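Hi,

Here is the structure I promised to send over. Have a look at it first, and then read on for what turned up.

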Amino acid sequence: RSAARPMTSTQEQTDQRHELEEDLREGFWADPPTLPPRWFYDERGSRLFDRITSLPEYYPTRAEREILQQRSAQILEVTGARSVHELGAGTSAKTRVLLDELTAGGRPATYAPLDISSEVLLETAEQLQSEYPTLAVEPAVADFHHLPPLAGADGERLLLFLGGTIGNFTEDERAGFLRMVRAALAPGDHFLLGADLVKDAARLVAAYDDEVGVTAEFNLNLIDVIDRMTPVTGLRREDFEHEAVWDDEASRIEMRLRAVRDVEADFTGIGRTWQLAKGEHLRTEISRKFDPGELRDELAGHGLQPVAGWTDEAGDFSLTLARV
Ligand code: AVJ
């Protein structure tokens, strides 16, 4: 797989470095210091996340797949969708169930995977195009702040945002995101949203602090990503430990890297020194857990009318279908 990958260009590397440095400037000197979760997903981080999705403690991926397996036909019937757009598509693994239905009987249709990583996108697109000959696969690079114009006829678009990634946003970011989604769709178009649900705190914490330590490795990999992408001295992964905490008030899991000794890192690339005292933490991710009713109200408040909602058998995860 890596042999077939195009090399990341020097220009792309420079752009990435500047984007990271902007996020560092904005987040690292805040209280608590933070960094957007997108930086987890370098090659190694993406591979670690793949391993997370099959951990016994990490139920969301299995739960969402279960719902999609049961409801794909119904989703396409209700929406009448002929063009499917997926934000954060990655390898489109779960989406295949839906694409099978979309192209059943050799019907032509469009699938537009949208992702921040052009490498993964192009690989996925090529693979899908050969698997689904009647499907027009139209990949596009997009982040969660900017959607390109979505192909397809008004009333026949379906935009997917799966995996529970909506949970990574703060309340403000989520509001902005839903406004963007509403603006990208026309009357009669649909939006399908995957969201993790509130449940027993011990199960939630276990899902983000697994027994064999894959999630800890995923979290600590962020230090290596930063160290590799921007010039810095004194930033060492041995100085941090992984932590997952349930915040009941905010209804979210927080992933943190807690300093096990005083840290002083010199970010020579941005000309600033960063200090974190022993016992203090860097917040690396929030993962908001939802109440189904509240989520439906929030969608409706943004002009996205809920028309159906499902959970897996155990009631752990939800898919909500909304219409403009
Ligand atoms: C990919 C954002 C849905 O929040 O559950 C998994 C990422 N982080 N384990 C999540 C994640 C730690 C995941 N999302």
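What percentage of the 324 residues of the protein count as buried? The figure is 34%, where buried means 20 or more other C-beta atoms within 10 Å of a residue's own, exposed means 12 or fewer, partly exposed is in between, and the C-beta atoms are placed from the backbone.

Before the details, two notes on conventions. This is a predicted model, so local features need pLDDT of at least 70 and side-chain atom pairs count only at pLDDT 80 or more, while totals for chains, interfaces and linings use all residues. Residues are numbered from 1 along each chain as its sequence is written.

On confidence, the mean pLDDT (the predictor's confidence in each residue, from 0 to 100) is 94, and 97% of the residues reach 70 or more. Where pLDDT is low, the predicted coordinates should not be read in detail. The predictor also gives the complex an ipTM of 0.98 and a pTM of 0.94.

Overall shape

The protein has 9 helices and 13 strands; these are DSSP runs numbered from the N terminus, with helices being H or I of at least four residues and strands E of at least two. Its C-alpha atoms fill a box of roughly 60 × 45 × 35 Å along the principal axes. The radius of gyration is 20 Å, which agrees with the value near 20 Å for a compact globule of 324 residues (taken over C-alpha atoms, the rule being 2.2 Å times the number of residues to the power 0.38). Of the contacts with a separation of 6 or more, 72% are between residues 24 or more positions apart; a contact means C-beta atoms, placed from the backbone, within 7 Å.

A helix pair

Helix H2 (residues 43-52) and helix H8 (residues 214-229) have axes that come within 9 Å and cross at roughly 170°. The axes are lines fitted to C-alpha atoms over the stretch in contact, with angles from 0 to 180 degrees between N-to-C directions. H2 is therefore roughly antiparallel to H8 (over 145 degrees; under 35 is roughly parallel, 65 to 115 roughly perpendicular and the rest oblique). On the H2 side the contact includes Leu48, Phe49 and Ile52, and on the H8 side it includes Val214, Phe218 and Val225.

Individual residues

Ala140 sits in strand S4 (residues 140-141) and is partly exposed, with 18 other C-beta atoms within 10 Å. Leaving out residues up to four places away in sequence, Ala140 touches Ala112, Leu114 and Pro148.

Val307, in strand S12 (residues 305-311), counts as exposed with 12 C-beta neighbours inside 10 Å. Beyond four places in sequence, Val307 is in contact with Val78, Leu321, Ala322 and Arg323. Thr320 is 13 residues from Val307 along the chain, and their C-alpha atoms are separated by 7.9 Å.

Most residues other than glycine have a negative phi, and most peptide bonds are trans. Two spots are worth a look on that score. A cis peptide bond joins Asp31 and Pro32, with omega about -5°, and Pro32 lies in the loop between helix H1 (10-27) and H2. Ser251 has a positive phi of about 55° without being a glycine. Ser251 lies in the loop between strand S7 (240-247) and strand S8 (252-259) and is partly exposed, with 14 other C-beta atoms within 10 Å.

Cheers

Note on methods: Two residues are in contact if their C-beta atoms, placed from the backbone, lie within 7 Å.
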